[in-house]
Amino acid sequence: MKIIIAGAGDVGFHLAKLLSFESQDIYLIDSDSEKLEYASSHIDVITKKGDATSLKLLKEVGIAQADIFLAVTESQNTNFTISVLAKKLGAKKTIARISNHEFTQNSEIDFAEIGIDFMISPGELASDEIKMLLNQSAFNDTIQFENGTLNILGSTLDYNSPLINLTVQEARNRFKDIDFITIAIKPEKSNETIIPRGNTVYRANDQIYFSTPKESIKKLYQLMGKTQFGVKDVMILGGGKIGVKAARNLCDNFNIKLIEIDKDRAFEVAEKIPAALVIKGDGRDVELLEEENISEMDAFVAVTGHSETNIMSCLVAKSKGVKKTIALVENMDYINISQTIGIDTLINKKLLAASAIFKHVRKGVVLKLANLHNVDAEVLEFLVKENSPVTKNIVRDIKITKKAVFGGVIRKGVAMMTFGDFQIMAGDKAVVFCLPEAIHKVEKLFN
């Protein structure tokens, strides 16, 4: 498969990295030599320096033979333009990263007719992610399949958790009344992601990821040593596109207080979202936060354009007793540190965009792909085909790589746990957690 990526920034690099594990024919275009040098020294791609809107350059990289063209530069207008050009020059499928969510919600224009098959809005993905995280308040990571029929939930293990010092197998035997599979463990003060086996031991402050049906979520609080709490009052820092979209998403179910430093922007946001209380002020000012009763907030969401501001303000909120904190960060290197510094969740809109785009690159059996915030790993949902290798044996006899684990299936609308004697069947929707380098091997089981 030939894939051409325009834009070697965080989104483009992450996509190229995921795809490079499969020895795809990948071309990466950018006008920045340093970005291309970094990419070529870290991943197996062919780089091309230049302007992706150049017809000459597109022809040089063989656009007519491209199976997929990904336009993921920082400029929405550039992505629009090159996607249209790529389609006209013969690319089979085009995907564009855009910043204006109006385009993704548009029903009047068929963008496929002008050459853009799919559009991804990172800001919209981030605001949707924030809403999902607030709805599962005690967990710092959450992914839903089939509207919550099956869930991936992540959180740190408190010291009072009954799982502490048990092995995965011991926990399975002791808590047979709770349907759950432990799909990943990230030890405290470590960047290593462990795919657990039966003899893996749970430790206090480890970041644990479970898969579980909707009916077992409440019981998982007990296992984690967590107390379930409801989120009602939410303070949002930042009135940019993501802040506004998040506030609009949340107003129906939460009391929203939004802080914006720019006076004109604050008035504009207040007009757009009359249900939210908008305050003109600097969210870095601790006195202001105290005046606005930050200690009475259930959740604090920082989505300004500055990662450091978001991180520091969330730490202040945490010190004032706020139970749930979410910070937007631009630097993808920050993603793995939330567990260490005490913020519940760090989200990165570029990583969300890359995962959303990556789903469209996969073969038809992939229904959904999502990333976990605290680990460099992917969660995929496959539609199980007739006679695929995964249907030939019970789970314990399926030769799945040690870098992946089954997280359950959805069969006729019902979530089922994929323990050792479970038989996966054609028509099931199977959820698999895997490290990036294992994706290609896992896909073979479903083809």
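**Exercise 1. Arg-265**

Decide whether Arg-265 is buried or exposed in this predicted model, then find which residues Arg-265 is in contact with beyond its sequence neighbours.

*Solution.* 
- Step 1. The relative accessible area of Arg-265 is 19%. Buried means under 20%, so Arg-265 is buried.
- Step 2. Arg-265 sits in helix 10, which spans residues 263–272.
- Step 3. Set aside neighbours within four places in sequence. Arg-265 then contacts Gly-239, Gly-240, Lys-241, Val-244, Glu-260 and Lys-272.
- Step 4. Take one of these, Gly-239. Gly-239 and Arg-265 are 26 residues apart in sequence, yet their C-alpha atoms are 7.1 Å apart.
- Step 5. Look for polar atoms. A polar side-chain atom of Arg-265 lies 2.6 Å from the backbone oxygen of Gly-239.

**Exercise 2. Ser-216**

Locate Ser-216 and identify which backbone atom of Asp-179 its side chain approaches.

*Solution.* 
- Step 1. Ser-216 belongs to the loop that links strand 10 (207–213) to helix 8 (217–224).
- Step 2. Its relative accessible area is 7%, so Ser-216 is buried.
- Step 3. Ignore residues up to four places away in sequence. Ser-216 touches Ile-178 and Asp-179.
- Step 4. The backbone nitrogen of Asp-179 is 3.4 Å from a polar side-chain atom of Ser-216.

**Exercise 3. Cysteines**

*Solution.* 
- Step 1. A disulfide is a covalent bond between two cysteine sulfurs.
- Step 2. The cut-off is 2.5 Å between sulfur atoms.
- Step 3. The structure holds zero disulfides.
- Step 4. Check burial. Cys-251 counts as buried at 17% relative accessibility, and Cys-434 counts as buried at 0%.

Technical notes:
Residues are numbered from 1 along each chain as its sequence is written. This is a predicted model: local features need pLDDT of at least 70, side-chain atom pairs count only at pLDDT 80 or more; totals for chains, interfaces and linings use all residues. Side-chain values use heavy atoms; hydrogens and water are left out. Helices (H or I, at least four residues) and strands (E, at least two) are DSSP runs, numbered from the N terminus. Buried means under 20% relative accessible area, exposed over 50%, partly exposed in between (1.4 Å probe, protein chains only). Contact means heavy atoms within 4.5 Å. A polar contact is a pair of N or O atoms within 3.5 Å; within protein, one must be able to donate a hydrogen and the other to accept it, and residues adjacent in sequence count only if both atoms are side-chain atoms.
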